[in-house]
Amino acid sequence: MEGNIILKFENVGKQFDGNRVLKDVSFTLKKGEILGLVGENGAGKSTLMNILFGINVIQETGGYEGNVYFDGKKVVFKSPFEALNSGIGMVHQEFSLIPGFTAAENILLNTEKTKPNIISKIFGKRLETIDEKEMRKSAQKGIETLGVDIDSDTLISEMPVGHKQFVEIAREIDREKVKLLILDEPTAVLTESEAEILLKAIRNLANSGVGIIFISHRLNEIISVCDKLVVLRDGAVVVERSVGGVEIKQIAEWMVGRSVEGEKNFHSKIQDISNDKDIILDVKNLWVDMPGEIVRDVSFKVRRGEIFGIGGLTGQGKLGIPNGIMGLFPSGGEIIFNDKNLPLNNTYNSLKSGLAFVSEDRRGVGLLLDEPIDMNIAFNAMQVHDKFVKKFLGGFIKWCDNRAIRECAKKYIKELDIKCTSAKQKARQLSGGNQQKVCLAKAFALEPTLLFVSEPTRGIDVGAKKLVLDALRGYNEKNNTTIVMISSELEELRAICNRIAIVSEGEIVGILSAKAPIADFGLLMSGIDKLEEEGEDNE
Amino acid sequence: MNKINQFIKNFGWPRIIISIFLISLFIIGPFFGIPTDMSLNDVFVRFGMNSILVLSMVPMIQSGCGLNFGIPVGLVAGLIGAVMSLEFKLTGSAGIFTAFLIAIIIAAVFGYFYGKLLNRVKGDEMIIATYVGFSFIFFMNMMWIVLPFKNPSSVQGFKGTGLRVTISVQEYWYHVISDFLKIKITEHFIFPTGMFIFFALMSLIVWAFFRTKTGTAVTAVGSNAEYARAAGIDVDKMRIISVIFSTILAAIGIIVYQQSFGFIQTFNAPLSFVFPSVAAVLLGGASVNKASIGNVIIGTILFQGILTMTPSVINSAISIDVSEVIRIIVSNGMIVYALTRKGR
């Protein structure tokens, strides 16, 4: 029995700069078994696979805890090459194919079939001639194993995405000694019929004795193809069991749910915002061309004074919505804000009319890392509303009022409990949570009527998370500021929002009350069931 | 010990080594018959001559356009201003202020187009700026010949058209600024108060600019262009403002240089200001995206100090001309050093 186990994780843990992403992960995989690995974004799936595959980042950030056993031996891979050589194949979400090469050349890259010639006899094996006939035959065989029909002479750049995915998998299984194959969202880009073919191929592979780890957000695929299920949540294994008899709804609950209800702190205000009488923001047919987060056609209404959540999986377009409305990426559609039409693609105008935005890219967009905290906080308000400015010569010279800036910074440092040595400390030196608070202070200083907050708790620890969420809720209650919060973490959306819209493939698939059962959200995200809105939340 | 380490870290090894080298030159100078007051005089005069040119690097560095290898654009504007004022045969302060005025207007126009160009090549500003500087000089080489200058002291004596390579300003505005409130300390040491006041004035303008609303916007663009964009700032406009500002400062700087030197140098002369100005601000501790007036002052003193002291001291000590070698090593070495630290 013991010899049958191909892969075993034993108490594996990992932290990045004190931020724990994996703890005590243990599970096993037998030969010829398909293991479905599911979990929300940020649950630790990618980190776990990176550890197994020996990706450099892991070593650079101080290695990991616990042990990994592969094929009966304890292994610590220092680089992907070592992992490859010992028989692990990985198919990434992003293609790693050479566009100008044919399918055959890609599949056999660095393992080309060759035949000797005169020069190679003298100078060695590296100069042998490529045997194109053999290559084609070998590649074709690999593709056929998958059960698809692709010409091995086609250039990668001329293929549809689905075919690229098959070529990528064919390349991994072509290595003769592959014993374990990791498939990271292989069906994400495939059509349904293609996905079916792929699933069949995976089954075939498993039957030939290869262990497979299958990562997917499409839970129905997990159920139909996998033998075993492992659910990760917040870096820990919550469920490890066989797939038999499990329902999709149950998996969704395991993925997103905590021991719920008891600790849940629902939003207290349900007063006058339960109908569409007072709409502050009306978005109609918005599209945004934000790379990786494309928004196709989104319409929704935000009521004055509410906290409106937008959730959904990464890459489905939820981040595109605020970035588009704020004019940071090209966008189109119609936005009515405060009963006035808001022109798109004009950041200054959006800010001026009372919108504010806390970007998800804190270090890239949100902060001036080499400037002091006070400048970071006051900058937007100064540039947009001419606050903290003393005017001379009839407004020709607009002098910064450093004292007012410092006072304002001090106020927010106190209010938001920003841990720093002084208002003059550089933003770069702050911890992630405190940087996020500076970003919030920057937005608060604008005194917005509507505030977009994008991924406010990404990459910060649990304590800071709570402070940030409390600050947002407090600001909402004190100033009656409408807040639109975009987050991948359903839990935090449910904790502070009134209503939550779920975005999938660039469109809103449903708007639910924050009190709706967790499983409903899970289903919406997995794109299985396009739920109609619940009665009270009419759009 | 900790304090010393901290100081070394803040001040940087290149500056420490060069400071020690410079101080040792001052110490051994008198032993080879070089009077200290004369050395001091040279260093101060050269500081006054070059400091504004170095200062002109600051706005562009702050806006993220990198080191201004295209400084010849501003220098040429200054040259045009200077020869135009000669054309009007104006002398004394009237002459030099006319030169400033014309130079500023022309530099603003040049700077606008130069800035437009740099906005199209974001990320490669420095290499493109170098090409712009060089090609602009050669373009102007043709123009100096063709443009219809008339003043006999500017045009070539043998044919009456085309500018000379060096034009004396002796009879026009020689030492107008240098001699303003000058203090004679010893026989060989005349402190050029005027140039220092002028430099202080220019520094004040630069300092004040970066404390206005527009100035902070420029700094933000240089520090993080995405941040600035998210704050509704027109990034391209801010960059153009900084380029115009830098170009104007360079134009003013070269006129200050000329009035002290006594000659307007046309044709290829602007080439020899590019690397020394860039190297000086780097030596002062500026990085490719951050510079202060303090950097300008320290850098100019150290760089010009080395330049003036090495020929006199080392040449008389070992009778070989190594000053040029040292100058090239310091200036080019400094630039390479700074560029390797770009990413931080």
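Among contacts in chain A between residues at least 6 apart in sequence, what share joins residues at least 24 apart? The share is 67%. Two residues are in contact if their C-beta atoms, placed from the backbone, lie within 7 Å.

This is a predicted model: local features need pLDDT of at least 70, side-chain atom pairs count only at pLDDT 80 or more, and totals for chains, interfaces and linings use all residues. Residues are numbered from 1 along each chain as its sequence is written, while chains are lettered from A and ligands numbered from 1 in the order in which they are written.

Start with chain A. Its secondary structure comes to 19 helices and 24 strands. Helices (H or I, at least four residues) and strands (E, at least two) are DSSP runs, numbered from the N terminus. The radius of gyration of chain A is 27 Å, close to the 24 Å of the globule rule for 539 residues, so chain A is as compact as a globular protein of that length. That radius is taken over C-alpha atoms, and the rule is 2.2 Å times the number of residues to the power 0.38. Along the principal axes, the C-alpha atoms of chain A fill a box of roughly 85 × 55 × 45 Å.

Burial comes next. In chain A, 45% of the 539 residues count as buried. A residue is buried if 20 or more other C-beta atoms lie within 10 Å of its own, exposed if 12 or fewer, and partly exposed in between; C-beta atoms are placed from the backbone.

Now look at a loop in chain A. Glu505(A) sits between β23 (499-504) and β24 (507-513). Glu505(A) is not a glycine, yet has a positive phi of about 50°. Glu505(A) is partly exposed, with 14 other C-beta atoms within 10 Å.

Chain B has a loop residue of this kind too. His175(B) lies in the loop between β1 (166-168) and β2 (183-184) of chain B. Its phi is positive, about 55°, although His175(B) is not a glycine. His175(B) is partly exposed, with 17 other C-beta atoms within 10 Å.

Go to helix α1 (residues 2-11) of chain B. This helix is hardly covered: of its ten residues, the count of buried ones is zero. Just after α1(B), Gly12(B) takes a positive phi of about 90°.

Last, the interface. Here 16 residues of chain B are in contact with 24 residues of chain A. On the chain B side, α9 (213-223) and α10 (225-230) are the elements that give two or more residues. The largest share, five residues, comes from α9(B).
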